[in-house]
Each structure stands twice: as C-alpha cells, then as structure tokens.
Amino acid sequence: MPKARRGADSNASRAQRATARDQQTKSISPARWVAFHVLMQVETSSAHSDDLLHGAPLRKLSQPDRNLTTALVMGVLRWQIALDAELAKLLDRPDQPLPDEIVIALRMGAFQLRHMDRIPAHAALSESVEIVRAAGHPKAAGLVNAILRKLSAKPAPGKPIVESIDAVAKRLGHPAWMVRRWETTYGREAALAICEYDQHEPASGELFAHDQIAGDVDANLIDDGSRLIAELAVASHPSPERIWDACAAPGGKTAVLARRHRNAELLATDISAKRLQAMRRRIESELPDREIRTLEADAGQLPTSEGNFDLILCDVPCSGTGTLARNPEIRHRLQPSEFERQAARQREILNAALKRLRPGGRLLYSTCSLEPEENEEVVKSALAQSDLQKNLRTIPISELLEHLRANSVIHDKADHLKQLAHGDFLRTLPGADFQGDGFFAAAFAREA
C-alpha cells in the first residue's frame with residue numbers, strides 16, 4: 001500500500017496528541033502497542049527487527065506478552081507483501097497514500113485475522129482501531145474498522161491450481177524479482193520451497209549429533225546452517241596454531257572455533273565496534289576460561305603486524321537472502337543492484353584474507369546469501385588472481401562433510417548431505433534440501 005509523506009508538527013499539536021494517546025493506550029494491550037512501535041521503527045528507519053525485539057521495551061513485558069509481540073512483528077514482516085495486496089483490494093482508492101501509522105495498524109489487524117487462529121477477530125479489529133487513534137489519526141479509525149471488517153468477512157485466498165511466479169511471490173510474501181531469480185538459478189520447485197520456509201519460524205536444528213560441544217551451543221543463537229559453516233572450517237585443518245575469524249560478530253561461529261580448537265591462538269575481528277562489544281560479552285559469558293583476542297578491524301585491511309594464519313574463516317557480509325525466515329525485513333529493503341556492491345566488498349575481503357594464509361593453511365569462505373554473484377562468482381574471481389592461483393586450490397566440500405559425519409559431529413542419518421555439495425562447494429537451500437538458513441561455502445588450501 002502506498003504511504004503518505006510525513007509532515008512537520010507543531011509542539012502544541014504534539015503535546016495534545018501525547019496526552020490523548022496516554023488515555024487511549026489504556027485500551028491497547030501492551031504486546032500490540034510495543035509491536036506497533038517496533039514495526040514503525042523497521043518501516044521508517046534502518047533498524048533491524050532482531051535488535052528491536054531484544055530491546056528495553058520488550059524486557060518490560062511479561063513472557064506471554066513478549067511472545068505475542070515477537071509473533072506479531074515477525075509475522076507482519078514475513079507476510080507484509082501478501083497482506084498489502086489483499087488490503088489494497090478493499091480500499092476505495094488503493095493508489096492514495098496512507099500514513100505509516102495507518103498502514104502498520106492495518107497490517108497488524110490483517111495478520112491477526114488471517115494467520116493467528118487463537119486471536120479473537122473482535123480483539124484484532126478493535127485494538128487496531130485503537131492503535132490508529134492513539135497514534136494520532138482518530139479520523140482514520142472508521143476506515144481501519146471498515147477495511148478489517150470487510151477482510152474478516154472474506155475467506156482467505158486459496159492456492160490456485162495454475163499459478164504464475166509473480167502470483168506465487170505475492171501469495172508467499174516475497175518480491176517477485178527475488179523469486180524469479182531463485183527460479184532461474186535453482187528451479188521452480190526449490191524456489192517455492194524457499195518461499196514457504198521463509199514464512200515460518202526457523203526450524204529447530206536436527207543436523208548435529210549431541211556432544212559436549214554441541215550441548216554448549218545455544219540453539220537460539222546459532223542456526224544449523226551457521227554452525228555447519230564453523231564446523232566445516234574446523235574440519236578443514238586438524239591442528240592450527242593460529243586462527244583468524246575475519247568477520248566474527250555476533251560470535252556464534254567464533255565460539256565453535258574456540259571450543260573445537262582449544263589450544264590455538266584465536267583472533268576475532270569485526271569492523272563494527274558495537275557488534276564487536278556485544279560479541280565480547282557473549283564470548284566472556286559462554287567461554288570464560290578460553291582466551292580469545294578481539295580487534296576492531298576491516299577484514300580487507302588487517303594490519304600486517306597481525307601476521308599470517310593457519311586457519312581463516314571468512315564469513316563475509318552479504319545480502320542475507322538465505323536468512324529471510326529469521327530476518328524478514330531484508331526482502332522489503334533489498335534491491336537487485338545491491339548484489340554487485342556486496343560482491344565487490346566480498347572479493348576485497350577474500351583476496352586480502354587469502355594472502356594471510358601460511359603455507360599449508362586453510363580458509364573457508366562463506367555467505368548466507370542465495371545469490372551466485374556473492375558466491376560462486378566471488379570464488380571464481382579469487383582463483384583467477386595471478387598472484388594466488390599457483391599455490392591455491394579448493395577442497396571438495398564433500399570431503400569435509402564426510403569428515404564431520406565420520407567423527408559423529410553430524411548425525412549418521414543425515415543421508416541428504418550429498419545434496420548439500422554442489423560441485424566443490426556447499427549450498428544449503430532453506431526448505432528445499434535443508435532445514436535451516438541458506439548458506440554457501442568454499443574451502444581453500446594453500447600449498448606449502
């Protein structure tokens with residue numbers, strides 16, 4: 001739905017609305033009111049839902065209210081495209097822009113009516129109306145009431161027998177351009193499976209066997225795909241003396257490296273001071289007896305004084321299209337032009353990191369992107385570098401997967417592991433061949 005531009009408010013009108021809002025919010029559940037504000041921040045800024053859902057306003061809520069807030073925020077973001085398409089059909093003037101507050105209230109009400117069976121329709125409708133009033137748009141209360149009543153009286157859209165890829169994208173809440181890319185790269189069946197997977201809470205991990213290290217890893221903080229990347233890096237080198245986790249925050253993979261190679265010197269760097277600080281707190285809490293040195297640094301320009309390494313993990317910044325179930329707002333912000341910008345940065349980091357490998361060293365390059373520009377094409381570019389190619393080769397990822405299986409890191413029953421090896425590389429497709437985030441990985445070896 002189109003949105004209206006926000007105008008300047010006088011101090012007096014803001015104060016009046018604040019007083020009225022204090023009275024009106026008493027009729028809105030704390031969970032819905034906090035969810036509304038989180039969604040407004042995601043809509044009107046570059047804020048991330050994951051950060052906001054761990055912020056102070058949610059910590060003040062009871063656990064049931066916190067759960068409802070999270071369900072509302074993530075659900076609305078996952079289904080936003082589909083909700084907007086259905087709501088637009090009920091507006092008399094669908095092309096007329098609406099203020100953000102009204103759009104968010106409509107989405108929240110529509111999501112509850114369509115996807116939350118345990119929420120009474122009257123609660124979803126009435127509180128959406130009150131949210132609009134409390135947010136400073138009392139004259140729009142009638143519009144929101146009428147639209148949501150119409151929606152509640154209509155049956156939910158069904159799945160047609162024959163469906164274009166654009167229709168699939170709209171029904172499953174994804175940008176059409178994104179789904180068309182996946183259809184071209186992976187086929188229609190896989191593209192649909194990815195879209196279906198993205199619309200629900202990420203699946204709980206079933207790939208890894210339970211061992212002491214796995215028992216220490218918080219499943220809420222590291223997805224199976226993310227852990228697999230770290231375990232593949234570990235498997236690529238049996239006994240490294242020096243390890244560099246080049247883009248380490250938030251630290252889940254760093255923790256796996258630290259546990260598996262307890263005697264190695266480990267350097268964890270990140271370009272973001274804020275993320276690095278949060279990672280330090282996490283590492284100190286999870287591994288109080290393990291010395292890990294952290295450094296705020298650009299992975300493409302690590303100081304030469306840091307020397308070279310036996311094992312390097314390059315889990316580089318990327319578009320994140322493999323994590324849309326976990327980070328649903330990415331689909332609303334990402335543009336196709338972003339892939340080349342990301343790829344240029346990824347090539348810079350990978351080429352710089354490869355030059356820091358000791359003879360006999362190993363490097364694992366990975367992204368949580370589904371896009372070839374950020375994956376195979378970056379690896380191809382690195383292998384073509386004239387000053388690297390003579391001493392550089394790729395390690396077939398199937399060898400590392402078999403090593404993990406043979407050492408009981410991965411369940412023996414994980415017989416679908418062969419599907420994850422695409423040539424020499426790892427490729428996990430959420431919902432299609434893997435119950436977890438979408439990752440790509442390539443392992444490099446520098447010859448002595």
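Predicted model: local features only at pLDDT ≥ 70, side-chain atom pairs only at ≥ 80, totals over all residues.

Me: Why is Arg114 called buried?

Reply: The term buried applies under 20% relative accessible area. Arg114 has a relative accessible area of 16%, and therefore it counts as buried.

Me: What does Arg114 touch, apart from residues up to four places away in sequence?

Reply: Arg114 touches Glu86, Leu151, Lys154, Pro155, Ala156 and Pro157. Two of these names, Glu86 and Pro157, return in the second largest pocket, where they are among the residues that lie nearest its centre.

Me: Which other residues lie nearest the centre of that second largest pocket, and how many residues line it?

Reply: Ala82, Gly158 and Arg171 also belong to that central group, and the lining has 21 residues. The volume of the pocket is about 540 Å³.

Me: Which helices supply at least two residues of that lining?

Reply: They are helix H5 (63–88), helix H6 (100–115) and helix H9 (165–171). H5 gives the largest share, five residues.

Me: How do the lining residues of the second largest pocket divide into nonpolar, polar and charged?

Reply: Eleven are nonpolar, two are polar and eight are charged. Glu86 and Arg171 line this pocket, and Glu and Arg count as charged. Gly158 also lies in the lining, and Gly counts as polar.

Me: What makes a group of residues a nonpolar core?

Reply: The residues must be buried, of the listed nonpolar kinds, and joined through side-chain atoms within 4.5 Å. The largest such core here has 71 residues, and those with the most contacts inside it are Phe36, Val38, Leu87, Leu106, Met108, Leu148 and Trp182. Among the helices that each supply at least two residues of this core are helix H2 (30–44), helix H7 (121–134) and helix H10 (176–186). Its largest share, ten residues, comes from H5. In soluble globular proteins, nonpolar side chains tend to be buried together.

Me: Which residues are in contact with Met108, leaving aside neighbours within four places in sequence?

Reply: Met108 is in contact with Arg32, Ala35, Phe36, Leu39, Leu72, Val76, Ser128 and Ile131.

Me: Which residues does the second, separate core include?

Reply: This core of 41 residues includes Leu228, Leu232, Ala441 and Ala445. Leu228 and Leu232 are also among the buried residues of H13.

Me: What makes helix H13 mostly covered?

Reply: Twelve of its twelve residues are buried. They include Asp224, Arg227 and Glu231 as well as Ile229 and Val234.

Me: How does the reach of H13 compare with the expected span?

Reply: H13 (residues 224–235) reaches 16 Å from its first C-alpha to its last, close to the 16 Å expected at 1.5 Å a residue.

Me: Why is His261 called buried?

Reply: His261 has a relative accessible area of 9%, which is under 20%, so the term applies. This residue lies in the loop between helix H14 (252–260) and strand E2 (265–270). Leaving aside neighbours within four places in sequence, His261 has contacts that include Val234, His237, Arg290 and Leu311.

Me: Why is Ser408 called partly exposed?

Reply: Partly exposed means between the buried limit of under 20% and the exposed limit of over 50%. Ser408 stands at 44% relative accessibility, and therefore falls in between. It lies in the loop between helix H19 (397–406) and helix H20 (417–420). Phi of Ser408 is near 60°, a positive value in a residue other than glycine.

Me: Why do Leu383 and Asp424 count as partly exposed?

Reply: Leu383 is at 28% relative accessibility, so it lies between the two limits. Asp424 is at 31%, so the term applies to it as well. Leu383 is found in helix H18 (residues 376–383), whereas Asp424 lies in the loop between strand E7 (421–422) and strand E8 (425–427). Leaving aside neighbours within four places in sequence, Leu383 is in contact with Gln389, Leu392, Thr394 and Phe444, and Asp424 with Thr394, Ile395, Pro396 and Ile397.

Key. Residues numbered from 1 in each chain as written. Heavy atoms only, no water. 1 Å grid on protein atoms, 1.4 Å probe; cavity = no way out; pocket = protein on both sides within 12 Å on 5 of 7 lines; lining within 4 Å. Points joined across faces, edges and corners; volume = space filled by probe spheres on them. Helix = DSSP H or I, 4+ residues; strand = E, 2+ residues; numbered from the N terminus. Buried < 20%, exposed > 50% of the residue type's maximum accessible area, 1.4 Å probe, protein only. Contact = heavy atoms within 4.5 Å. Expected span 1.5 Å × (residues − 1).
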